[in-house]
Amino acid sequence: MTADAVPAAPVRPRDAATLILVRDATTEPRLLMGRRVGGHAFMPDKWVFPGGRLHPSDYRVETATDLSPATAALLAPHARGAKGRALALAAIRETFEEAGLLMARPAAPARSRGVWGEFLAAGARPHLGALSFIGRAITPPMLPRRFDARFFMADADELLALEPTAGCGELDGIAWMTLAEARQLDLPTVTRMMIDEVATRLGGGPPREVYFPRGV
């Protein structure tokens, strides 16, 4: 084998988190979806749930509620120590940044620098108690950009308001979609798989373990 034929070392995946918001879960469930704007290096024009990379400040922000014991226990094998809680906070923060939605409880406005500044200034504190941990996916080794994403699910009734905004502009076409409408979109494979997972969970039945497909 020549030197040119030696494969490059796989890129180490970055920790990331996603929040799947479900509206009208007991009647006609709808999911919050947004299309990634064209020009992105990662999944341009694909429809996704709000989400993004873990930030150091996600370890430090004050919250209104904490993860439920059941959610924390499910998350622990997939994120060591304080990382699990920080990932849940990253999912809440990214949902605010990308869709303008606050998974929070009202609080006195607070000043803070960095990525949590606008969230806290809006008079809100993150509401971790609303989140369930349902899945994890790691992008394949051959890709130049890789993420180790943890997927959280929450009832949209726990938001301070239901109508999304343009957010930071990373997503366009943000809207609540029925499951059937969402499945007709141009979706990444993992997003389609998670829609199916949400549909299964909404259908009732016994409690499910964390869904963890590899290499998708």
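Author: The account below takes up the cores, then the aromatic pairs, and lastly a pocket.

The model is a predicted one. Its largest nonpolar core has 37 residues, and those that touch the most other members are Leu21, Met103, Phe119, Leu131 and Phe152. At least two residues of this core come from each of β1 (14–23), α2 (83–99), α3 (117–121), β8 and β9 (171–178). Helix α2 gives the most, namely eight residues.

Leu21 belongs to strand β1 and has a relative accessible area of 1%; since the limit for a buried residue is under 20%, Leu21 counts as buried. Leaving out residues up to four places away in sequence, the contacts of Leu21 are Arg30, Leu31, Leu32, Thr95, Leu101, Met103, Ala154, Leu159 and Trp176. One of these contacts, Met103, is itself listed with Leu21 among the residues that touch the most other core members. Asp196 is 175 residues from Leu21 in sequence, and the two C-alpha atoms are 14 Å apart in space.

There is also a second, separate core of 22 residues, which includes Ala137, Met177, Leu187 and Ile195. Ile195 is placed in helix α5 and, with 0% relative accessibility, is buried. When neighbours within four places in sequence are set aside, Ile195 is in contact with Leu31, Met33, Phe49, Leu179, Ala182, Arg183 and Leu187. The C-alpha atom of Ile195 lies 8.9 Å from that of Ile20, although 175 residues separate the two along the chain. As a general matter, nonpolar side chains in soluble globular proteins tend to be buried together.

The structure has three aromatic pairs. In one of them, the rings of Trp116 and Phe119 have centres 5.0 Å apart and planes at 75°; planes over 60 degrees apart count as edge-to-face, so this pair is edge-to-face. Both partners are buried, Trp116 at a relative accessible area of 2% and Phe119 at 0%. Ring pairs join Trp116 and Phe119 with Phe96 in a cluster.

Another pair is formed by Phe133 and Phe152, whose ring centres are 5.5 Å apart and whose planes meet at 45°, so the pair is tilted. Because Phe133 lies in strand β7 and Phe152 in strand β8, the pair ties together parts that are 19 residues apart in sequence. Phe133 is buried, with a relative accessible area of 1%, and Phe152 is buried as well, at 0%. Phe119 and Phe152 are thus found both in these pairs and among the residues that touch the most other members of the largest core.

Strands β7 and β8 also take part in a pocket. The second largest pocket contains about 200 Å³ of space. Its lining consists of 16 residues, and Ala130, Ser132, Ile134, Met153 and Ala154 are those nearest its centre. Two or more lining residues come from each of α1 (69–75), β7 (132–138), β8 (147–155) and α5 (189–202). By class, the lining comprises 10 nonpolar, two polar and four charged residues.

How values were computed. Residues are numbered from 1 along each chain as its sequence is written. This is a predicted model: local features need pLDDT of at least 70, side-chain atom pairs count only at pLDDT 80 or more; totals for chains, interfaces and linings use all residues. Side-chain values use heavy atoms; hydrogens and water are left out. On a 1 Å grid over the protein atoms alone, a cavity is a set of points where a 1.4 Å probe fits but cannot get out, and a pocket is an open set with protein on both sides within 12 Å along at least five of seven lines; lining residues have an atom within 4 Å of a point. Grid points are joined across faces, edges and corners, and a volume is the space filled by probe spheres set on the points. Helices (H or I, at least four residues) and strands (E, at least two) are DSSP runs, numbered from the N terminus. Ala, Val, Leu, Ile, Met, Phe, Trp, Tyr, Cys and Pro count as nonpolar, Asp, Glu, Lys and Arg as charged, and the others, Gly among them, as polar. A nonpolar core is a set of buried Ala, Val, Leu, Ile, Met, Phe, Trp, Tyr and Cys residues joined through side-chain atoms within 4.5 Å. Buried means under 20% relative accessible area, exposed over 50%, partly exposed in between (1.4 Å probe, protein chains only). Contact means heavy atoms within 4.5 Å. Rings of Phe, Tyr and Trp (its six-membered ring) pair if their centres lie within 6.5 Å; planes under 30 degrees apart count as stacked, over 60 as edge-to-face and the rest as tilted.
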